[in-house]
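User: I would like to go through this structure with you. Could you start with a pair of packed helices?

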Amino acid sequence: MSARFVLGRLFQALLTLLLLSVVVFGLARMSGDPVSLMAPMDASHEDIERIKASFGLDKPLPVQYWHFIANAAQGDFGQSIKWDRPAAEMLLERLPATFLLSFTSIVFGLLLALPVGILSAVYHDSWFDSVGKIVALAGQSMPTFWLGILLILFFALNTPIFPTSGYGLDSHLVLPTVTLGLFVAASIMRVTRSAMLDALEADYIRTASSKGLPKWRIILVHAFKNSAIPILTITALQMATILRGAVVTETIFSWPGIGQLAIDAVYGRDFPLVQGAVMFMGVIFLLVNFVVDMIYVLLDPRISYVKR
Amino acid sequence: MLQDFGCSEMKTRFRSVLKQFLGIGLLSAALMGGSSVGVRAAPEGQIVIALTSLDQKFDPTAMASYSSHMNYDYIFDGLLNLGEKGKYPALAESWVISDDGLTIDFKLRENVTFHDGSPFTAEDVKFTFEKILEPDSGNSYRAGFVKSLDHVEVVDAHTARFVLKQPWPGFFTTARYGLTPIVSKAYYEKVGAKGFQEKPIGTGPFVLGEVVAGKSTTFTAYENYWDGAPKIQSATQVLVKEDFTRYAMLQRGEADIISGLTGPLLDKIKTNSDFKVISAQYVGTSGILFNKSTFPAAEDKRVRMAVGYAINTKDIAEKIQGGICEPATSMFTPATFGYIDGLPRIPYDPEKAKALLKEAGVKPGTKITFTIQTSSFAAMPNTPQVLEVVAGNLEAVGFQVERRSVDTSAWLAMMRGGKPTDVFYSPISNPDDGGEVMNSYFVSWSGWTAKSIQQPKYDELFNEQLKASDPEKRLKILQDFAKLEVENREDIPLLWCNAPFAINKRIKSWTPSLGGGYPTDIYKLELN
């Protein structure tokens, strides 16, 4: 890993963020504006223009964009139009809730996916494998909004074990975590299974086996370590799924994270907040990707970002 | 792979490993949930209201959206307040209108205090209204004030005089004017606009408590409220977008009042004996309008009537709206100032519609564009479903309907841009004053009809009612308009709708105000 590689990556990331900022800025403005949404039907054109001006929405788009990007570089996304608070402050307030849910979901997903994936590979074509496949299929094809509602129905209403929604207690975390985690688990499970199947057929496994190493040591150390790269890749990709799924899951469970805030901001055309939320998520995703690239090197010494 | 390792011993091992995994899973689930299973029991005297939308703007002098009234109702009073029977004198006990209609003397209620203990006086009334008149005011309803109000004079501590540019009878019949929340002059000047938004002070039954941006707002009881202290200690509005979650919260007792009851949810609630549905009456009215510049056939009244006969409003009201709406006879509801009883409804008669279209020379298969609004607002619940049925009804009589789906913001942009579809829907939330209803859709200069309604008589009646300070006379003018509109049918009436709320058994009694649209009058709510 060279400094040149890191710098290159950083440059790429900045370019991506810049592109993202153009897209979110443009898309947000293509379908109406927040003042038209708030003002009464018979508000005069002048009144609307005056209120738009108070939010800086009267300036030409390139000027607005420049303000957005120049301030964003300093961590200022402007004042939320709907909530009358600094957008960055609101997003930072909500970041812990989203992080917490993402973390528990990915942990839950891995705890479920890795054992089932490994066992499905080891005992492939057995009844366990079939069950695993069904779980993976179900997890992947059930939309989170539907699964979330089912969980509320079964575990908050029919058998009232957990609260329906909200934030603050440990018990509030369970249903959203399962909703999001199951969705994530499905893909990881499938990739784990196929990566393990490939690894278990490799020559070095037969060698290890013929040397008389304990079976579970062969599976967990030799085979699993060598299937780690695809598993890590899919897990990292699932971080994007989690951020996306969080928008829906947080809305269902009124979990006060960035996703819930973002969806409300989109409906209200709260430009500063929409822009801030998307940029926040963009940065998080790029960071995750960057860290994963680094972990590749640690996992597999054959991978190197240094040009020889 | 089993064969490669080929041993039955593995199978047994596998089972035990599986058991371990399952065990860990169950254990962790138990650990996560077990520590604090169960929901916080609703504390004594506190209620939670789960809403589909939240508003956290608290400065009435800078009201951008009428939805802020969902907060004003708690914190402030107007010269008039809105109750279950309509508007009633609140901070103004009585008023005298001069013969020329150009001054109104308000006799103000004495012994009313703001939340900081300071007394309410005429200075506060003057300050509030004149702040709205200021050219840089952030109040998006300012235009209506500027048109009629010149300035306010303080006659004595408890008499405020409105000096008008023209008579302003609409002040007493229109929520956005009469209910204008009065702020404390001394306090506002001390803390400024920003400080006021953070900690607003009014004379209302509740004091603003904790505000979690974009999530919840809590109001706590103000013991010295002039109309009697609230019977509960606090009320918390929580934003819960998902319909089913709100339902589940009500079921579990995590919420006491929920809003936004859509079709299937309403059915579920109606069949549940633990809940009661309470409606704020006549929150919205709606109709179908025509863009005559893109759909010139609609110049012909027969075509407009055909659309009226084509739409099965009764079915829509019963099956989609679950009875919370009823077929309208006009854009005025029974709660609108200007309403007249006994106007005819257009019956559902698709055969007649087809015959009328044939007479008017509109061939089957004629293409029309039609807007489907993908989100509802107060004027009509389940808007997308209703409009989809309307589109189907229009197809059934021979139109080829091209649907344009837009969300509220895109819809408003389209309407404000003066480019509605050939046939479009005309909703009005809180249609409490006939003059305002006319102003929205029926005057020739309305920006909402693509200038499609050009009836000089309507403009004349509108201008006349604007200045008719005698309520009886004004009522007559508006009723004349309503009768005339039945003859012309420029707008095909669709539905009058109520806003339903569901409450659980903790609540002993509560009646929301007429046309309120939000859970209002919470200070009168009693718990069991």
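Analyst: H9(A) passes H10(A) in a right-handed crossing, a crossing being right-handed if the near helix is turned clockwise from the far one by less than a right angle, and left-handed if anticlockwise. Helices (H or I, at least four residues) and strands (E, at least two) are DSSP runs, numbered from the N terminus. This is a predicted model, in which local features need pLDDT of at least 70 and side-chain atom pairs count only at pLDDT 80 or more, whereas totals for chains, interfaces and linings use all residues. Residues are numbered from 1 along each chain as its sequence is written, and chains are lettered from A and ligands numbered from 1 in the order in which they are written.

User: At what angle do the axes of H9 and H10 of chain A cross?

Analyst: They cross at roughly 145 degrees, and the axes of H9 (residues 203–210) and H10 (residues 215–226) come within 11 Å. Axes are lines fitted to C-alpha atoms, for helices over the stretch in contact, and angles run from 0 to 180 degrees between N-to-C directions.

User: Which residues meet there, in H9(A) and H10(A)?

Analyst: A:Tyr204, A:Ile205, A:Ala208 and A:Ser209 of H9(A) meet A:Ile218, A:His222 and A:Ala223 of H10(A). Two residues are in contact if their C-beta atoms, placed from the backbone, lie within 7 Å.

User: Now H8(A). Where does it bend?

Analyst: H8(A) bends by about 30 degrees at A:Thr177; the bend is the angle between axes fitted to the seven residues ending there and the seven starting there.

User: Is H8(A) mostly covered or uncovered?

Analyst: Mostly covered, as 26 of the 31 residues in H8(A) are buried. A residue is buried if 20 or more other C-beta atoms lie within 10 Å of its own, exposed if 12 or fewer, and partly exposed in between, with C-beta atoms placed from the backbone.

User: How many residues of chain A are in contact with chain B?

Analyst: In chain A, 50 residues are in contact with 48 residues of chain B.

User: Turning to chain B, how many helices and strands does it have?

Analyst: Chain B has 17 helices and 19 strands, and buried residues make up 52% of its 528 residues.

User: Why does B:Tyr441 count as buried?

Analyst: B:Tyr441 counts as buried because it has 22 C-beta neighbours inside 10 Å. B:Tyr441 lies in helix H15 (residues 434–441) of chain B. Leaving aside neighbours within four places in sequence, its contacts include B:Leu289, B:Trp448 and B:Asp491.
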